[in-house]
Amino acid sequence: TLSGLTGTGTVIVSNNSTSAASRTLTLNGTGNYTFDGLFLIQANTAAVDLVKGGTGTQTLTNNQNSGLRATTVNNGTLNFNGNVTHSNNGTFSASV
């Protein structure tokens with residue numbers, strides 16, 4: 001769980017077990033955050049499940065992020081500037 005992602009760079013998601021399992025990244029901040037980086041999915045990791053909580057705004061501006069599987073917005077705002085591609089069987093849900 002993080003407040004939010006800012007700046008540029010790469011979020012490396014890996015799994016040290018032998019089974020391919022997804023990982024959940026939860027963003028619970030109350031501020032405004034903009035991230036122009038990549039989600040890099042390494043071996044034995046199926047995908048990243050992104051959960052947006054907190055009252056703040058998270059903006060993802062890099063259109064090369066294809067490793068997101070399930071995206072859930074429970075609170076606040078999640079902006080995608082660019083293409084949004086979910087992996088196979090991906091979902092997008094929002095609560096209001």
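**View 1. Threonine 55, an exposed loop residue.** With a relative accessible area of 55%, threonine 55 is exposed, because exposed residues are those over 50%. Threonine 55 belongs to the loop that runs between strand 5 and strand 6. In this predicted model, threonine 55 and threonine 30 are separated by 25 residues in sequence, while their C-alpha atoms are 4.8 Å apart in space. Apart from residues up to four places away in sequence, threonine 55 touches Gly29, Thr30, Asn75 and Gly76.

**View 2. The whole protein chain.** The protein chain has 96 residues, and buried residues make up 35% of them. Its secondary structure consists of nine strands and zero helices, giving the pattern β-β-β-β-β-β-β-β-β along the sequence. When contacts between residues at least 6 apart in sequence are considered, 56% of them join residues at least 24 apart.

View 3. Strands of a sheet pair through backbone hydrogen bonds, in either a parallel or an antiparallel way. For strand 6 and strand 8 the sense is parallel, and the pairing extends over four bridges. Opposite threonine 57 stands threonine 77 of strand 8.

**View 4. Asparagine 62, a buried loop residue.** Asparagine 62 is in the loop between strand 6 (57-60) and strand 7. Its relative accessibility is 18%, so asparagine 62 counts as buried; the cut-off for buried is under 20%. Between asparagine 62 and glycine 37 there are 5.8 Å in space, C-alpha to C-alpha, although the two are 25 residues apart in sequence. Beyond its neighbours within four places in sequence, asparagine 62 contacts Phe35, Asp36, Gly37, Leu38 and Asn81.

**View 5. The largest nonpolar core.** This core has 13 residues, and the members that touch the most others are Leu5, Val11, Leu25, Phe39, Leu50 and Leu60. Two or more residues come from each of strand 1 (10-13), strand 2, strand 5 (45-52) and strand 7 (68-73). Around leucine 50, setting aside residues up to four places away in sequence, the residues touched are Leu25, Leu27, Leu60, Leu68, Ala70, Thr71, Thr72 and Leu78.

**View 6. Aspartate 49 in strand 5.** Aspartate 49 is a residue of strand 5. Aspartate 49 counts as buried because its relative accessibility is 12%. Its contacts, neighbours within four places in sequence left aside, are Ser22, Arg23, Thr24, Leu25, Arg69 and Ala70.

**View 7. Threonine 26 in strand 2.** Strand 2 (residues 21-27) includes threonine 26. The relative accessibility of threonine 26 is 17%, so this residue too counts as buried.

Key
Residues are numbered from 1 along each chain as its sequence is written. This is a predicted model: local features need pLDDT of at least 70, side-chain atom pairs count only at pLDDT 80 or more; totals for chains, interfaces and linings use all residues. Side-chain values use heavy atoms; hydrogens and water are left out. Buried means under 20% relative accessible area, exposed over 50%, partly exposed in between (1.4 Å probe, protein chains only). A nonpolar core is a set of buried Ala, Val, Leu, Ile, Met, Phe, Trp, Tyr and Cys residues joined through side-chain atoms within 4.5 Å. Contact means heavy atoms within 4.5 Å. Two strands pair if DSSP finds at least two bridges between them.
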